[in-house]
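Subject: Structure handover

Hello,

Please find below the structure I said I would pass on. My notes on it follow.

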Amino acid sequence: MNSRTVIPATTGDGPVPVASMGRRPVPRRTHGVRFALGLAVPPLVWQLAFFIGPLLVLIAMTFWSVKMFRLTPDMVLSNWTHLLNASFFKNAYIYTFWVAALSAILASVLALPVSYTLARKVSPFTQRLAMLLLIVTFFTSYPVRIYAWQIVFSPNGIINSVLALVGMEPVIILNTTTATVVGFLTLVMPLVILIQTFAIASVDQRLIEAAYNLGCSHRRTLFTVLFPSARIGLILAGTFAFVLSFGDYISPALLGGSRPPTLSILLTDQVKSGNHWPRAAVVAVVMILTLLTVVLSMLALAYRKKGAAA
């Protein structure tokens with residue numbers, strides 16, 4: 001017999017295929033890890049290239065200086081000290097945070113009855129139709145909707161024309177904080193309603209029925225069973241409203257008249273005045289840090305265990 005002839009190994013269950021000899025079977029878990037890594041690598045590369053990379057450049061730019069209208073990549077703290085000690089920056093920060101928080105609270109409160117009705121009180125057909133109409137609003141350009149509000153709020157607009165017909169004095173709404181908040185609500189309300197509706201609809205109906213069987217009133221069931229069970233979705237909806245309002249530029253500029261300025265308007269002003277990109281980068285980094293703090297705090301509140309507060 002030739003010494004190179006391979007004799008198939010045998011076991012009690014029969015011969016073992018020659019191709020499998022000398023190879024260890026790859027565990028199924030290893031295949032799962034490789035598949036997960038294959039799915040995770042492309043978005044990770046995308047985030048590193050188009051988010052983490054530009055963010056690091058933005059942070060580095062805050063320490064640069066502008067000399068003769070040209071960026072100089074040096075390491076100075078004058079941009080931070082100038083803005084953080086300036087009263088106009090502090091006022092803009094407080095105003096932006098306050099109006100964004102107000103818009104988030106108003107959107108959450110105003111959307112809650114609508115979301116509850118869509119999730120619990122209407123037929124499936126009506127629910128799907130309402131969802132479709134809410135999604136369609138995102139197909140319309142946001143600046144177009146803001147310009148429509150300008151027509152409504154202008155001194156000779158629809159509201160003042162109606163007031164003139166009934167003999168009332170005109171009201172000033174355009175270029176005020178009220179108009180800015182209305183613009184923010186126009187931006188965030190559809191999204192808040194959708195998130196709240198999904199959160200309320202996902203609550204187990206058996207919890208509601210158990211509350212009724214134990215003698216709870218409708219109001220008590222809502223505030224002790226339904227809304228606490230949908231806490232995560234309700235908090236996330238308000239968080240999204242705050243994030244979108246905090247960084248919005250269009251409503252404060254077109255409806256609020258940039259008076260008082262928000263951080264987004266202040267950012268553009270820094271670029272327009274002397275092409276000072278490093279100071280604009282400081283404003284942008286402060287906004288990012290604020291949003292990260294708010295989002296992480298709201299996530300901790302949303303996913304906090306019920307017994308953690310005790």
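A term to settle before anything else: a residue is called buried under 20% relative accessible area, exposed over 50%, and partly exposed in between, using a 1.4 Å probe and protein chains only. The areas themselves come from the Shrake-Rupley method with a 1.4 Å probe, and for residues only the protein chains shown count as cover.

The model is predicted: local features need pLDDT of at least 70, side-chain atom pairs count only at pLDDT 80 or more, and totals for chains, interfaces and linings use all residues. Residues are numbered from 1 along each chain as its sequence is written, and side-chain values use heavy atoms, with hydrogens and water left out.

Overall

The chain has 310 residues, of which 35% are buried. Its secondary structure amounts to 13 helices and four strands; these are DSSP runs numbered from the N terminus, with helices being H or I of at least four residues and strands E of at least two. Among contacts (heavy atoms within 4.5 Å) with a separation of 6 or more, 71% are between residues 24 or more positions apart.

Annotated spans

An unreviewed UniProt entry carries the annotation "transmembrane region" for residues 44-66, 92-119, 131-152, 172-201, 222-246 and 280-303. UniProt positions are given in the numbering used here, feature names are shortened, and such annotations may be inferred rather than shown by experiment. I looked at two of these spans. Residues 92-119 are 100% helix and 0% strand, with 39 Å between the end C-alpha atoms. Residues 280-303 are 96% helix and 0% strand, and there the end C-alpha atoms are 35 Å apart.

Cores

A nonpolar core here is a set of buried Ala, Val, Leu, Ile, Met, Phe, Trp, Tyr and Cys residues joined through side-chain atoms within 4.5 Å. The largest one has 46 residues, and those touching the most other members are Phe 89, Ala 107, Phe 153, Val 192, Phe 242, Phe 246 and Leu 263. Two or more residues come from each of α2 (78-84), α3 (87-120), α4, α5 (142-153), α7 (177-201), α10 (231-247), α12 (263-272) and α13 (277-302). The helix that gives the most is α7, with 12 residues. There is also a second, separate core of 14 residues, including Ala 119, Ala 211, Leu 222 and Val 225.

Phe 153 touches Ile 159, Ile 173, Leu 174, Ala 179 and Val 182. Phe 246, in helix α10, is buried because its relative accessibility is 1%. The residues touched by Phe 246 are Tyr 93, Thr 96, Phe 97, Ala 100, Leu 263, Met 287, Thr 290 and Leu 291. Thr 96 is 150 residues away from Phe 246 along the chain, yet their C-alpha atoms are separated by 6.2 Å.

Helix α10 also holds Thr 239, which counts as buried at 8% relative accessibility. Apart from neighbours within four places in sequence, Thr 239 is in contact with Val 295 and Met 298.

Surface

Phe 125, Leu 129, Leu 132, Leu 133, Ile 135, Val 136, Phe 138 and Phe 139 make a nonpolar surface patch of about 820 Å². For such a patch, residues need over 30% relative accessible area and no salt bridge, and nonpolar side chains (Val, Leu, Ile, Met, Phe, Trp, Tyr) are joined within 5 Å, whereas like charges are joined within 9 Å. Leu 133 is in helix α4 (residues 124-136) and is exposed, since its relative accessible area is 52%.

The structure holds one salt bridge, meaning a side-chain nitrogen of Lys or Arg within 4 Å of a carboxyl oxygen of Asp or Glu. It pairs Asp 204 with Arg 206, whose closest N and O atoms are 2.8 Å apart. Asp 204 is partly exposed at 31% relative accessibility, while Arg 206 is exposed at 61%.

Backbone

The loop between α11 (250-254) and α12 contains Pro 260, and a cis peptide bond with omega of about -10° joins Arg 259 to Pro 260. Ser 258 is in the loop between α11 and α12 and has a positive phi near 60°.

Regards
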